[in-house]
Amino acid sequence: MKKNHLLAKWLNNDLSQDELAAFEASPDFEKYQKIKKYTDHLMIDDSDEDAMLSSILKQKKETPKVIPIYKTWLFRAAAIFVIALGITLAFKMTVHETETAALGERTSFSLPDHSEVVLNSGSEIQYKKWNWDTHRHLELQGEAYFRVAKGRRFEVQTKLGKVAVLGTQFNVKARKNRFDVVCYEGRVKVNYANQQILLTHGQGVSFENGKEIKMTITSVKPEWIENRISFYKENIRTILDEVERQYNISIELNAKDTTSLFTGKLPAKNLETALQIISTTYDVKVQKVSKNKIIIDEK
C-alpha cells in the first residue's frame with residue numbers, strides 16, 4: 001500500500017528529496033521509469049481535448065436503421081391475401097356464366113332465382129351469377145324458352161331487341177334479322193327499335209327488317225319443346241337455316257324463288273319427313289349427297 005502511495009506521488013512529482021532518493025534506490029524503479037516514459041506520450045493537452053470534442057460533434061450521426069413493416073413476413077402474407085381477394089372479386093365482377101346448346105342439341109338449366117331456361121339448338125346465353133339478385137339481366141343469341149319464378153323479374157337482351165318479364169313463361173328467338181317473342185303465361189314487355197309492345201297470354205310478335213307481324217298462339221309451350229319446328233310467314237332460306245341447326249347438317253340451296261313465305265310445322269327428329277315437306281311445298285328436288293350434306297335444286 002505504501003509502495004503504491006509513493007508511486008502515485010512520484011508520478012505527480014510530489015516526493016521530497018529523501019523520499020525520491022529512497023524510491024530511486026528501490027529495485028522496481030527502472031520498471032516504473034519505463035512506464036512513466038510511455039504514459040507521457042499519451043497525455044493530451046487542453047487544446048487537443050477541445051479539438052477532439054469538436055471533431056466528434058461534427059461527425060454525422062447515423063440514422064437508426066428501421067426495417068419497414070412491409071418487409072416482414074406477416075405483412076407480406078397479408079398483402080398477398082388482399083391482392084388475391086381483390087383479383088378474385090374483380091374476376092367475379094367481370095366473368096359471365098355461359099350456357100350453350102350445340103347444333104342438333106338442346107340444353108336446360110336454372111338461373112340463380114330458380115327460373116328455368118331451355119336453349120334451342122345453336123343458341124347461347126350469358127349472365128352474371130354473382131350479382132343476379134340486384135341485376136337480373138341476360139344476353140341471348142338464338143332461341144330460348146323461359147319459365148320465370150313467381151314474382152321474379154329480369155331482362156333478356158338480344159342484338160335485335162329486349163324483353164322484360166315478370167313471373168311468366170315466354171319464348172324469345174333472335175336469328176339473323178328476325179326477332180320473335182311469344183308469351184305463354186303472364187305478360188312480357190318487348191322493346192324493338194323505337195317500339196314498345198306489351199304481350200299477354202297467347203300473344204306473339206315478330207319483327208323482320210323493321211316490319212312487325214302479330215301472332216295469336218294456341219299452344220301452351222313452344223313447338224320445338226315437343227320436337228316440332230314451327231314457322232310463321234318465313235322464307236325458305238330461314239326454314240333451311242333452322243333445319244341445319246336442328247339436325248346439324250349443311251344444306252345447299254340452288255333455287256331462284258326464295259321469297260315465298262311458309263307457315264307450318266316440320267319434325268325436329270325426322271329429317272326425311274322434313275325434307276319431303278319442303279320439297280312438296282316449294283316444288284324443289286332434294287338430294288342427299290352425304291350423311292351431313294343436302295343439295296336442293298329447282299325441278
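Trainee: Which residues do ring pairs link into a cluster?

Mentor: This is a predicted model, in which local features need pLDDT of at least 70, side-chain atom pairs count only at pLDDT 80 or more, and totals for chains, interfaces and linings use all residues. Residues are numbered from 1 along each chain as its sequence is written, and side-chain values use heavy atoms, with hydrogens and water left out. Rings of Phe, Tyr and Trp (its six-membered ring) pair if their centres lie within 6.5 Å. Ring pairs of this kind join into a cluster Phe-109, Tyr-127, Trp-132, Phe-146, Phe-154 and Phe-170.

Trainee: How many aromatic pairs does this rule count?

Mentor: A pair of aromatic rings is described by the distance of the centres and the angle of the planes. By the rule on ring centres, the number of aromatic pairs is nine.

Trainee: Do strand 13 and strand 16 run parallel or antiparallel, and which residue stands opposite Ser-250?

Mentor: Five bridges join strand 13 to strand 16 (residues 293-298), and the two run parallel. In strand 16, the residue opposite Ser-250 is Lys-293.

Key: Phe/Tyr/Trp six-rings, centres within 6.5 Å; stacked < 30°, edge-to-face > 60°. Pairing = 2+ DSSP bridges. Helix = DSSP H or I, 4+ residues; strand = E, 2+ residues; numbered from the N terminus.
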